[in-house]
Amino acid sequence: MFLVKVYVSYKESILDPQGEAIKKAIHGMGYNMVEEVRMGKYFELRIAENDRAGLEEKIDDICDKLLANVTMESYRYEIEVE
């Protein structure tokens with residue numbers, strides 16, 4: 001069995017209004033050293049397979065078609081053996 005941790009965030013070229021709002025709130029708390037905040041999504045997928053062959057292709061397909069809007073977002077993932 002595998003645990004896949006998927007991180008999705010806006011591409012650098014895309015404005016992140018939620019991140020900007022959070023940064024403004026942080027600055028309002030007096031922490032002006034924070035220069036940038038990027039908002040993102042996090043998913044955990046438990047995969048009931050014992051063979052890693054082809055797993056990355058399947059995860060890429062899930063991310064490309066469902067978890068991330070690849071026009072605006074990028075993703076990365078980590079695969080752990082459970």
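Q: Does Tyr42 count as buried, partly exposed or exposed, and at what relative accessibility?
A: Buried means under 20% relative accessible area and exposed means over 50%, with partly exposed in between (1.4 Å probe, protein chains only). Tyr42 has 40% relative accessibility, so this residue counts as partly exposed. Tyr7 also counts as partly exposed, at 25%.

Q: On what kind of model do such values rest?
A: This is a predicted model, in which local features need pLDDT of at least 70 and side-chain atom pairs count only at pLDDT 80 or more, while totals for chains, interfaces and linings use all residues. Residues are numbered from 1 along each chain as its sequence is written, and side-chain values use heavy atoms, with hydrogens and water left out.

Q: How many aromatic pairs does the structure hold?
A: A pair of aromatic rings is described by the distance of the centres and the angle of the planes. Rings of Phe, Tyr and Trp (its six-membered ring) pair if their centres lie within 6.5 Å; planes under 30 degrees apart count as stacked, over 60 as edge-to-face and the rest as tilted. The structure holds 2 such pairs. For Tyr7 and Tyr42 the ring centres are 5.2 Å apart and the planes stand at 45°, so this pair is tilted. The pair links distant parts of the chain, 35 residues apart: Tyr7 lies in strand S1 (residues 2-10) and Tyr42 in strand S2 (residues 40-47). Tyr75 and Tyr77 form a stacked pair, with 6.4 Å from centre to centre and 15° between the planes.

Q: Which charged end sits over the ring of Tyr7?
A: A charge sits over a ring if NZ of Lys or CZ of Arg is within 6 Å of the ring centre and within 35 degrees of the ring normal. Here it is the charged end of Arg76, 4.2 Å from the centre of the Tyr7 ring.

Q: In what order do the 3 strands form the sheet?
A: Helices (H or I, at least four residues) and strands (E, at least two) are DSSP runs, numbered from the N terminus, and two strands pair if DSSP finds at least two bridges between them. The sheet is open, with the order S2-S1-S3 and antiparallel pairing. Its edge strands, S2 and S3 (73-81), each pair on one side only. S1 and S3 pair over 9 bridges; Phe2 has Val81 in S3 as its bridge partner.

Q: Which residues is Leu55 in contact with, leaving aside its neighbours within four places in sequence?
A: Contact means heavy atoms within 4.5 Å. Leu55 is in contact with Phe2, Ile47 and Ile79.
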